[in-house]
Amino acid sequence: MALRRSAGPLAAWARSTLAAGQPGAAAAAVGARAASTATVNGVPVEVHNEGGAKRVVVTKNLPGERWLQILTAAGCRVEVSQHPDIILDNPTIRALIGDKCDGVIGQLTEDWGSELFEALRAAGGRGYSNYAVGYNNVVVPEATKRGIPVGNTPGVLTETTAEIAAALTLAAARRVVEADAFMRGGHYKGWLPTLFIGQLLQNKTVGIIGAGRIGAAYARMMVEGHKMNLVYYDPYPNTQLEDYIKKYSELLRHSGEPPVAVRRCETVDEVLQEADVVSLHCNLDANTRHLINAERLARMKPDAVLVNAARGPCIDEAALVAHMRTHPEFRVGLDVYEDEPAMKPGLADLPNAVIVPHIASASMWTRSGMATLAAANVAGCVNGLPAYNGPDVTPFLEGPVAGMPAAAPSIVNAKELGYKVL
């Protein structure tokens, strides 16, 4: 493998961290961004910590520095793909894995099933982490039967994803994108009473489908920010969210303002019929695929706002396009798509649709935090450390790397593998 050195200063590392005390761990690591270049089976890579004893492949450049610090401190040689394709196909990923690979950080756009996990097993792989909290792209049983732990990155996407759902809600309701295009097109000739009239959210009703961490965070933003009443559907009551809103309602009442209400609905249809804004925060499974279809769209208010920052296939996108064409006052804000990265024909032409390219997690804090957790997952796996699997991942994100727990933050198949959990 021919290497070409790249310019850049080296920063000294005082001690190894996650791998401290582990056999073969490096006593010190070089600066995370000191790199050389190479090719692996024809695929260009950026190499960090060349002398690392364990080889870790990263299929895309990741933001931040901490993730590289974790891997180099754990004694890993890190090879980051520089392939020009946005989405890597399986042959390219197999080429990157090669004959020896201890771990991989992959993307939710990649097909991690039997083919890739067999290639990783054959190369001596001891761990894989998805750079995402979701893992619909990962066939976990295929990894499990080959003894490969699968990591994900929970705990850092809650507020960031809720914020993009709130941003899409406001942009759609107040026709921000339409108005922006109008202004940039030089069409604004003066103020008019009827120009881009949208919907006021204050004191209306917001509905959420899925009241987990992200759904609850979004609900609080809309209730506190716009004094909206909340209706929600979830198979399980979120009593913590309900108690919070009831206390907030009491605060409003004591301040002389109208109170707000919260209610868990028995069905999805009940939420759709009652809410002025509906935001999806559900998982994708057989029950939620095309959860929002033509029949359910017809049950919504004609001037409702529908938001999806969860999973694209939760909405029948073709039915949505047809509904929006016949209901021009109906508005939608989408961060995800049924056939991502493609959109169904006609969606991009609809002025009543706000569409963004899957950026719900795209804050620097969240994206770098995801990289940190993915790196810590792989570093822990390749060094034989236990799983952390706790609800609070803050110890991995803050403070000196040397003070992090000696564990992999989140291993989704830990139980199936008989993996030790702290």
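Trainee: Which side chain meets that of Glu178 in a salt bridge?
Mentor: In this predicted model, the side chain of Arg175 forms a salt bridge with Glu178, at 3.0 Å from N to O.

Trainee: Are those two residues buried or exposed?
Mentor: Glu178 and Arg175 are both buried.

Trainee: What does Lys301 pair with?
Mentor: Lys301 forms a salt bridge with Asp276, and their closest N and O atoms are 3.0 Å apart. Lys301 sits in the loop between α10 and β13, and Asp276 in the loop between α9 and β12, so the pair ties together parts that are 25 residues apart in sequence. Asp276 is buried, with a relative accessible area of 16%, whereas Lys301 is partly exposed at 26%.

Trainee: How many salt bridges are there by this rule?
Mentor: The count is 21. Another one of them joins Lys344 and Asp339, with the closest N and O atoms 2.8 Å apart. Salt bridges with shared partners also link Glu118, Arg121, Glu142, Lys145 and Arg146 into one network.

Trainee: Changing topic, why is helix α2 largely enclosed?
Mentor: Six of the eight residues of α2 (residues 90-97) are buried, so the rest of the structure largely encloses this helix. The buried residues include Ile93, Leu96 and Ile97. Among the elements they pack against are β2, β6 and α3.

Trainee: At what angle do α2 and α3 pack?
Mentor: The angle is about 10°, and the axes are 10 Å apart. That makes α2 roughly parallel to α3. Asn90, Ile93, Arg94 and Ile97 of α2 make the contact with Glu115, Leu116, Ala119 and Leu120 of α3.

Trainee: What follows α2?
Mentor: Gly98 follows, and its phi is positive, near 65°.

Notes:
Residues numbered from 1 in each chain as written. Predicted model: local features only at pLDDT ≥ 70, side-chain atom pairs only at ≥ 80, totals over all residues. Heavy atoms only, no water. Buried < 20%, exposed > 50% of the residue type's maximum accessible area, 1.4 Å probe, protein only. Helix = DSSP H or I, 4+ residues; strand = E, 2+ residues; numbered from the N terminus. Contact = heavy atoms within 4.5 Å. Axes fitted to C-alpha atoms, helices over the stretch in contact; angles between N-to-C directions. Parallel < 35°, antiparallel > 145°, perpendicular 65-115°, else oblique. Salt bridge = Lys/Arg side-chain N within 4 Å of Asp/Glu carboxyl O.
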